Amino acid sequence: MYDKLYFLEIDMLRDREYLLDCHCQINYECESSWARQITYECYKQNWLKMDNQINIFLNSIENSINNSKSKAYLIYSDEIFSNVIGYVWAHYSEDKETGFRCLEIQDIYIEAQYRQQGVAKKIILYLEQYAKSIEVKIMRAGTGVLNTSSMKMFESLGYKPYRIEFEKIIDKK
């Protein structure tokens with residue numbers, strides 16, 4: 001377990017390729033079992049061909065981080081920022097009418113060799129402290145139905161499921 005993590009705000013020009021790679025891996029890990037019948041490398045090749053999907057992701061994260069209350073960081077294990085071990089993107093939203101404030105973890109990615117070492121928990125606890133400081137009422141996060149380690153981690157931190165999604169293959173071509 002890491003005693004200290006170092007957070008560096010994302011720069012869209014500098015970090016574009018890393019963000020795309022992490023987001024693609026997150027998507028793959030959150031896919032249903034039928035979608036994961038292909039290897040990650042094949043999935044990634046297909047995903048990177050979808051310009052619209054990539055543009056939607058990049059525009060979403062860029063628009064989000066233009067809001068000073070949303071946060072997106074590369075996570076490092078060292079204070080000289082030479083060893084990136086993951087990334088997190090948390091989007092802030094507020095309903096002006098009701099005053100309801102939410103910080104939603106859109107992406108959290110930890111490099112494979114650093115998983116199961118408490119890194120994601122530390123990142124989430126860091127975001128929770130930040131959320132309290134801006135008077136957020138609710139924090140949310142999602143994961144794929146097959147990602148049981150992520151589900152257990154969120155539940156161990158007191159998160160409860162609030163939405164379940166279903167899918168069905170209609171055309172098997």
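Two strands are counted as paired if DSSP finds at least two bridges between them, and helices (H or I, at least four residues) and strands (E, at least two) are DSSP runs numbered from the N terminus. The structure is a predicted model, in which local features need pLDDT of at least 70 and side-chain atom pairs count only at pLDDT 80 or more, while totals for chains, interfaces and linings use all residues. Residues are numbered from 1 along each chain as its sequence is written, and side-chain values use heavy atoms, with hydrogens and water left out.

**View 1. Pairing of strands β3 and β4 in the open sheet.** Strand β3 (residues 84-94) and strand β4 (residues 101-110) run antiparallel and are joined by nine bridges. Tyr92 stands opposite Leu103 of β4. The open sheet has five strands in the order β1-β2-β3-β4-β5, and its pairing is mixed. Its edge strands, β1 (6-9) and β5 (138-141), each pair on one side only. From one strand to the next, the twist averages 30°.

**View 2. Packing of helices α1 and α2.** Helix α1 (residues 12-30) packs against helix α2 (residues 40-48) at an angle of about 120°, and their axes are 10 Å apart. Axes are lines fitted to C-alpha atoms, for helices over the stretch in contact, and angles run from 0 to 180 degrees between N-to-C directions. The two helices α1 and α2 are therefore oblique to each other (under 35 degrees counts as roughly parallel, over 145 as roughly antiparallel, 65 to 115 as roughly perpendicular and the rest as oblique). The contact (heavy atoms within 4.5 Å) involves Leu20, Asp21, His23, Cys24, Gln25, Asn27 and Tyr28 of α1 with Tyr40, Tyr43, Lys44 and Trp47 of α2.

**View 3. The aromatic pair Tyr28 and Tyr40.** Eight aromatic pairs are found in a search of the whole structure. Rings of Phe, Tyr and Trp (its six-membered ring) pair if their centres lie within 6.5 Å; planes under 30 degrees apart count as stacked, over 60 as edge-to-face and the rest as tilted. The ring centres of Tyr28 and Tyr40 are 5.4 Å apart and the planes lie at 65°, so this pair is edge-to-face. Because Tyr28 lies in helix α1 and Tyr40 in helix α2, the pair ties together parts that are 12 residues apart in sequence.

**View 4. Packing of helices α4 and α5.** The axes of helix α4 (residues 119-133) and helix α5 (residues 148-156) cross at roughly 45° and come within 11 Å. Helices α4 and α5 are therefore oblique to each other. In α4, Ala120, Lys121 and Ile124 meet Met153, Phe154 and Ser156 of α5.
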